[in-house]
Amino acid sequence: MKLKTLKLKAFRGATQTFSLNFDETKNVTLIYGENGSGKSTISDAITCLCTDSIGSIKDKTGTDSGDLLSMGSNANDLKIQLQTDAGVWNASFVSKKIVTSPSQGIPKLRAIRRQHIVDLANAAPAERYKHLKNYIDVDGVAQSEDKLRTLVKNLESQLLIQENTYSTAEQYLKEAWEKEGRPLGNWDDWVGEAALRDTGLETERLQKIQITLDYWRHLQDATQNHVINHRNIKQAKEDYSTLLARQEALIKETPEQESSLLVLLEKMQQHLLHTNNSVQNCPICQQSIEKSQLSIEIGQRIATMESLSEITHEVENAKKKQQIAEGMTEQSRAVFQQVFEVFKESMLELAPNYGIGNALFPYSNLSTAYQAQPWPEISKVVTQLGQQVAQLNVALGQHTFIKTYWSNLCKSYVQVKDLKDTLKAAKEALQIVENARKSFVEAELNAVSTDVDALYRRIHENEPLGGISLFLKEKMRGSVELTAQFHGKQVGPQAFYSESHLDTLAFCLLLALTKRYGDNTTILLLDDVLSACDEQHLDRFLLLLQEQSNHFAHTILTTHYRPWLKKYSSKNSESLHFVELTEWSIEKGIQMR
Amino acid sequence: MSQQNPNEHLAKIIQTELQQKGLIDNTNPNFLQKLSNGTMKENDWLNALESKLKTSNLDAK
């Protein structure tokens with residue numbers, strides 16, 4: 001890819017339309033300008049067009065994307081255009097950010113600023129790794145590796161749980177086998193057989209016995225109830241007879257106190273109470289009467305018959321109680337009959353297993369059955385049935401226990417086997433991924449180290465320096481060591497190299513990385529990278545850039561370093577295009593000489 | 001040699017080695033992409049490994 005033209009309008013310092021025509025015959029463009037002449041505007045424009053970054057202003061506090069607009073310009077005015085032999089890309093300001101169109105094929109950009117070099121030169125191993133990660137980016141694989149590592153840990157936990165489940169089940173089943181007297185010679189044969197035993201008949205028998213025992217309890221309740229009712233009716237009959245005899249004796253003692261007369265008088269009293277005052281004749285004999293006087297007389301006669309009145313009421317109440325007791329007795333007799341028959345039927349159903357037969361119920365009718373309570377023969381059988389229930393519950397409980405733990409044992413056996421297989425595979429995979437990642441990064445660092453060393457020696461020819469070596473720090477993830485030679489010794493260069501030597505070392509490292517991870521669509525932008533360099537090293541530096549420039553689409557170097565102006569303003573080298581920016585003003589914008 | 005995308009390059013190396021060691025098969029089209037861009041989840045790994053284990057067990061039978 002060859003750069004042709006960069007056009008700026010309303011972008012930062014470009015208050016007027018600015019065009020930079022690249023010399024297509026040269027791979028390197030050196031842009032010289034004093035501070036404030038517009039160099040950063042040019043480098044930021046390329047950065048904004050080629051990347052999502054907003055260039056150098058992102059490093060300054062109190063700035064935002066709105067500061068990309070030239071003073072007094074509208075967002076619609078902003079335009080960045082880069083023409084190349086591979087296409088034209090336009091960037092504009094949309095929704096407070098720079099949008100490049102078309103979005104495909106945009107030239108790649110590697111921008112190296114002075115600050116990057118200083119930071120890298122002084123970085124500790126972990127920080128150095130972060131710088132290199134921008135180039136040797138294996139973060140995606142490293143994240144996937146972390147997930148695999150988590151899987152291994154989870155599988156180990158699951159395996160431990162399943163092994164514990166298996167051990168617990170095995171221990172319980174062995175104990176049960178021991179308790180049973182070690183049948184069949186080994187525990188697993190016995191457990192397998194016991195777990196598979198069909199308990200359908202036992203369960204059915206248990207249910208039937210339990211139902212029969214329930215009926216037995218109902219029968220006892222019904223019998224008890226009927227006994228009470230029977231007793232009650234007997235008492236009620238006795239009470240009624242006693243009161244009736246007393247009433248008759250009272251009438252005999254005082255014949256005038258006939259109970260029928262008492263009734264008649266009471267009715268007459270009620271009649272007079274409820275009729276109006278106009279009654280003047282007796283309603284029975286039609287003789288003339290005085291109502292109030294007659295009421296008083298009737299009341300006096302009733303009072304003299306008080307004893308008869310009381311006993312008459314008691315007789316009536318006793319009769320009612322007897323009737324109620326008769327009803328309840330009839331009802332409890334029916335319940336007793338029903339429950340007795342159901343119980344008998346239920347007992348006879350158990351006959352084949354427990355030797356129960358009709359002989360147990362030798363009663364010709366319900367009355368004789370009732371008279372025979374509390375049925376000692378039946379009670380004996382019921383007691384045996386209760387014992388049978390206890391035995392069946394123990395047997396079925398043990399079966400459930402064995403079946404449950406046998407099932408746990410079988411399931412955990414399979415799961416332990418599967419988990420072991422999966423865990424083995426996961427561990428092997430993790431080892432492969434981890435080794436591959438480390439080897440890959442080591443190989444990359446090794447390749448980069450070789451190139452850094454070559455580049456560095458090019459700048460510092462005949463100096464006892466070099467031997468650059470980058471390698472991953474042992475047992476430390478995300479940490480890169482850097483060593484270099486100093487008078488024949490391999491040292492950490494930060495302690496032995498001068499500031500400018502460290503700067504060129506960091507620059508060579510970034511240049512080597514850009515070469516390795518860039519291509520002929522990559523623009524290398526060097527924004528004021530070297531400021532303190534003697535003339536000899538300066539020449540070698542520029543020579544190096546020209547030599548390496550064929551690895552990139554183009555190399556753009558900005559500087560305010562005056563010696564470069566003197567050296568290149570009057571002459572252009574074969575591969576270097578020199579551009580000088582003159583004084584910037586708000587009216588004229590960025591100006592070229 | 002230029003390494004345009006180290007993640008993709010490394011992911012290919014890993015996939016090849018995992019296949020050669022018989023730990024995964026080549027039936028999952030998303031494996032490489034997920035491995036490369038860091039979106040592999042625990043379950044993705046588990047599925048890839050178990051899928052191969054099942055195939056191997058069937059073959060053994």
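A:Cys48 counts as buried because its relative accessibility is 1% (buried means under 20% relative accessible area, exposed over 50%, and partly exposed in between, with a 1.4 Å probe and protein chains only). The model is predicted, so local features need pLDDT of at least 70 and side-chain atom pairs count only at pLDDT 80 or more, while totals for chains, interfaces and linings use all residues. Residues are numbered from 1 along each chain as its sequence is written, chains are lettered from A and ligands numbered from 1 in the order in which they are written, and side-chain values use heavy atoms, with hydrogens and water left out.

The disulfide count over all chains is 0, a disulfide being a pair of cysteine sulfur atoms within 2.5 Å. For A:Cys48, the nearest cysteine sulfur belongs to A:Cys50 and is 9.7 Å away. A:Cys410, at 33% relative accessibility, counts as partly exposed.

Between the chains, 29 residues of chain B are in contact with 33 residues of chain A (contact means heavy atoms within 4.5 Å). The two chains bury about 2,500 Å² between them, 67% of it on carbon and sulfur atoms; buried area is the accessible area (1.4 Å probe) that two parts lose on being put together, summed over both. On the side of chain B, the most area is lost by B:Leu10, B:Glu42 and B:Trp45, together 23% of what that side buries.

Over all chains, the salt bridge count is 30. A:Asp23 and A:Lys26 form one of them, at 3.4 Å from N to O; A:Asp23 is partly exposed at 23% relative accessibility, and A:Lys26 is buried at 12%. In another, the closest N and O atoms of A:Glu34 and A:Arg562 are 2.1 Å apart. Relative accessibility is 37% for A:Glu34, which counts as partly exposed, and 44% for A:Arg562, also partly exposed.

A:Glu145 and A:Arg437 are likewise paired in a salt bridge, with closest N and O atoms 2.5 Å apart. A:Glu145 lies in helix α4 (residues 139–179) and A:Arg437 in helix α12 (residues 376–459) of chain A, so the pair ties together parts that are 292 residues apart in sequence; helices (H or I, at least four residues) and strands (E, at least two) are DSSP runs, numbered from the N terminus. Both A:Glu145 and A:Arg437 are buried. Through shared partners, salt bridges join A:Glu145, A:Asp146, A:Arg149, A:Glu434, A:Arg437 and A:Lys438 into one network.

Notes
A salt bridge is a side-chain nitrogen of Lys or Arg within 4 Å of a carboxyl oxygen of Asp or Glu.
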